[in-house]
Amino acid sequence: MWLYLAALVGLYYLVRWYRERQVVSHLRDKYVFITGCGSGFGNLLARQLDMRGLRVLAACRTEKAAEQLRAQSSDRLETVTLDIAKTENITAATQWVKERVGDRGLWGLVNNAGISGPSGCNEWLTKQDFVTTLNVNLLGTIEVTLSLLPLVRKARGRVVNISSIAGRLSAVGGGYSISKYGVEAFSDSLRRELAHFGVKVAVIEPGSFKTNMTNTERVLRQIREVWDQAGSEIKEIYGRKFLESYLKLISEHVLPAAEENLSEVTDCMEHALTACHPRTRYSAGWDAKLFYLPMSYMPTFLADAILTRILPRPAKAL
Ligand SMILES: NC(=O)c1ccc[n+]([C@@H]2O[C@H](COP(=O)([O-])OP(=O)(O)OC[C@H]3O[C@@H](n4cnc5c(N)ncnc54)[C@H](OP(=O)(O)O)[C@@H]3O)[C@@H](O)[C@H]2O)c1
């Protein structure tokens, strides 16, 4: 009985491995539009797909970053400046893409641009802090998608949304996790709707990787800024010792565990764009696979107990 079961599991993985190795044809004629190509995953993916021969349309937030990317890639890669929080920018970028792809349509849309935004305990934050993050990570992603979908539908292409493992488990306060839960929800409904048109939607859920977003100095500065703006009553309830322990946890345990090999993530993105049978979800990074994802499936009381123990205790806790 156990032998049959093992053979069945082995067969499942063999079939899956074979299916996932099938690559779509005519990659050199396919256009892929990527947001947030100035640094991190977006930058590496743009160069990786360019090397593979796809026609990369790379959007950077600044012209300086676009210039640097052009200098590091082939003449086939083209850039445009795009701030995904600005509607007029999105309209102009859509027109720019239309002019390039013509009747072929857009094969791939990669919604990668994002910010970590102000973070800390929820009570230290203002509504505007949440709005800042949601405007880019969630509403920017939605607006770019809505604007470019007609072109993707024409090519029966792919939408690849970069969520995060924070979109499966919310461990810290602030808008980041909320925005990524939103990206997951948006991707789920989009995937079901677009299946009717031959468009596939994939979500990438990386754990922690070393990019500008996870730069220790930057993260600690953001948390300190949020703490500074909190009212005196909140500061008294949490206490200075809480802040120091919180910062220590982030700087000595969470961020140093971030992985360096960004291609673990960009390989997932590339697979989602080039495989005949892409996965619905890709998780990348050992922390995502071994810690956060399993914890997201645990009973809530158990996950709560673990995370509450890891986080420091406020000064005025009961
Ligand atoms: N690093 C991680 O551990 C991790 C884990 C899970 C998920 N992710 C996700 O991966 C994606 C890429 O992040 P990353 O880690 O590669 O960080 P990154 O190096 O900071 O890259 C983010 C990119 O997005 C751009 N961007 C920021 N705001 C933008 C806006 N309003 N409009 C257009 N572009 C904007 C940034 O441009 P500027 O630099 O010019 O602002 C930058 O090029 C994000 O969606 C992030 O949430 C990252």
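1. Thr266 is buried, with a relative accessible area of 0% (buried means under 20% relative accessible area, exposed over 50%, partly exposed in between, with a 1.4 Å probe and protein chains only). Thr266 sits in helix H10; helices (H or I, at least four residues) and strands (E, at least two) are DSSP runs numbered from the N terminus. Leaving out residues up to four places away in sequence, Thr266 touches Phe41, Leu44, Leu45 and Gln48, where contact means heavy atoms within 4.5 Å.

2. Before going on, a word on what you're looking at: this is a predicted model, where local features need pLDDT of at least 70 and side-chain atom pairs count only at pLDDT 80 or more, while totals for chains, interfaces and linings use all residues. Residues are numbered from 1 along each chain as its sequence is written, and side-chain values use heavy atoms, with hydrogens and water left out.

3. The axes of H2 and H10 cross at roughly 50° and come within 9 Å; axes are lines fitted to C-alpha atoms, for helices over the stretch in contact, and angles run from 0 to 180 degrees between N-to-C directions. H2 and H10 are therefore oblique to each other (under 35 degrees counts as roughly parallel, over 145 as roughly antiparallel, 65 to 115 as roughly perpendicular and the rest as oblique). H2 passes H10 in a right-handed crossing, that is, with the near helix turned clockwise from the far one by less than a right angle, anticlockwise being left-handed. On the H2 side the contact includes Phe41, Leu49 and Arg52, and on the H10 side Met269, Glu270 and Leu273 are among the partners. The contact of H2 with H10 divides into seven nonpolar, four polar and three charged residues (Ala, Val, Leu, Ile, Met, Phe, Trp, Tyr, Cys and Pro count as nonpolar, Asp, Glu, Lys and Arg as charged, and the others, Gly among them, as polar).

4. On to the cores. In the largest nonpolar core, which has 32 residues, Val32, Ile34, Ala46, Leu49, Val110, Ile204 and Met269 touch the most other members; such a core is a set of buried Ala, Val, Leu, Ile, Met, Phe, Trp, Tyr and Cys residues joined through side-chain atoms within 4.5 Å. H10 gives the most to this core, with five residues. Not counting residues up to four places away in sequence, the contacts of Ile34 include Leu45, Ala46, Leu49, Val56 and Val110. There is also a second, separate core of 27 residues, including Ala59, Ile90, Val97 and Leu148.

5. The other helix pair is H4 (residues 87-101) and H5 (residues 127-155), which pack at about 30° with their axes 10 Å apart. H4 and H5 are therefore roughly parallel to each other. Ile90 and Val97 are among the H4 residues in this contact, and Leu148 is one of those from H5.

6. Leu138 lies in helix H5 too, and counts as buried at 15% relative accessibility. Its C-alpha atom is 9.3 Å from that of Tyr176, 38 residues apart along the chain. Leaving aside neighbours within four places in sequence, Leu138 is in contact with Thr133, Ser179, Gly182 and Val183.

7. Two backbone spots to check. His26, in the loop between helix H1 (2-21) and E1, has a phi near 55°, a positive value in a residue other than glycine. Arg156, in the loop between H5 and E5, has a positive phi of about 50° although it is not a glycine. His26 is exposed, with a relative accessible area of 58%, and Arg156 is exposed at 59%.
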